[in-house]
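Thanks for asking me to look this one over. Here are my notes, point by point, to read with the model open beside you.

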Amino acid sequence: KDINLRNGAIKIFKPPVIGERYVGFTDPSNGVEDPNHTVFIKKNTGEQVALAHGKYTADESARIHNDLVNYYNKAFNSYEMNAFAGGKFDETIKNLNTPNVAPRRSPEGKYVLDKRGWYTTPQHKKNMLSGLEEAVRKHLIVIHDRETINEFDALTTMPDEDVPSVPRGLHDDR
C-alpha cells in the first residue's frame, strides 16, 4: 500500500502488516496557533508506527486521519472533540465514512454510544496521563519520534495542581 505523506506532514516509522491491528488518535486544531497531531500505534505492542504533525486545517487533519486509518488496516480510532476544530474534524470524518471510530467515553470509562470523539476534561486528562512516564520508561509504549519525547519531558504536575501540564508557550498535542 502507498500513502500520500503530505509533503512530510506524515511520518511512517513502520508500515502496516497484514493481519495486525492498529489504533490511532488525532488532536485536531484550526492550524493557526496550535498544531494538529495524529499518532498510530500497533495494538499488541504499543509501538508508535506513524504520526502526522503540523499546522493545517481541521478538514485536512481529518483527511490525514482517515487515510492513516485505512492504511493501517482500518485501525480502531478516535479524536479530540473540544472546540470548533474538533467539531469540524468530526463532521469531515463522518462525511469520509471513516471506519472503526470509537464511541465517546465518560471520565468514569462508561461508553456514550450516541456520541463519538474524546471530549477532554481535567479528569480525562488526568486519567490519560496517569502512568505515561512509567509506560515510556518500561517500553510498554515505544516512541520513535524525538519531538514526542521532548513534549513528554515538558509535562509536569505543579504542587498546587492535580493534572499534568506543559509550561506556557509549549504544546501538549502529542
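How many residues does helix H1 have, and what distance does H1 reach from its first C-alpha to its last? Please keep in mind that this is a predicted model, in which local features need pLDDT of at least 70 and side-chain atom pairs count only at pLDDT 80 or more, while totals for chains, interfaces and linings use all residues. Residues are numbered from 1 along each chain as its sequence is written, and side-chain values use heavy atoms, with hydrogens and water left out.

1. Helix H1 covers residues 58-71, which makes 14 residues, and reaches 20 Å from its first C-alpha to its last. That is close to the 20 Å expected at 1.5 Å a residue, where the expected span is 1.5 Å times one less than the number of residues. Helices here are DSSP runs of H or I with at least four residues, strands are runs of E with at least two, and both are numbered from the N terminus.

2. H1 is mostly covered, with 10 of its 14 residues buried. Buried means under 20% relative accessible area, exposed means over 50%, and partly exposed lies in between (1.4 Å probe, protein chains only). The buried residues of H1 include Ala-58, Ile-64, His-65, Leu-68 and Val-69. As a group, the buried residues of H1 pack against strands S1 (10-12), S2 (22-27), S3 (36-42), S4 (48-54) and S5 (76-79), and against helix H2 (83-95); contact means heavy atoms within 4.5 Å.

3. Now the cores. A nonpolar core is a set of buried Ala, Val, Leu, Ile, Met, Phe, Trp, Tyr and Cys residues joined through side-chain atoms within 4.5 Å. The largest one has 15 residues, of which Phe-40, Leu-68 and Tyr-72 touch the most other members. H1 supplies the largest share of this core, four residues. A second, separate core has eight residues, among them Ala-58, Tyr-79, Met-81 and Ala-85.

4. Phe-40 deserves a click. Leaving out residues up to four places away in sequence, Phe-40 touches residues that include Val-23, Gly-24, Val-49, His-65, Leu-68 and Tyr-72. Gly-24 stands opposite Phe-40 in S3, and S2 and S3 pair in the antiparallel sense over six bridges. Gly-24 also stands opposite Asn-77 in S5; S2 and S5 run parallel and are joined by four bridges. Two strands pair if DSSP finds at least two bridges between them.

5. Asn-7, in the segment before S1, has a phi near 55 degrees, and Asn-7 is exposed, with a relative accessible area of 86%. Just after H1, Asn-73 takes a positive phi of about 55 degrees. Lys-74, in the loop between H1 and S5, has a phi near 60 degrees and is partly exposed at 44% relative accessible area.

6. Finally, the whole chain. There are five helices and seven strands, running β-β-β-β-α-β-α-β-β-α-α-α from the N terminus on. The radius of gyration is 16 Å, which agrees with the value near 16 Å for a compact globule of 174 residues; this is taken over C-alpha atoms, and the globule rule is 2.2 Å times the number of residues to the power 0.38. Of the 174 residues, 43% count as buried.
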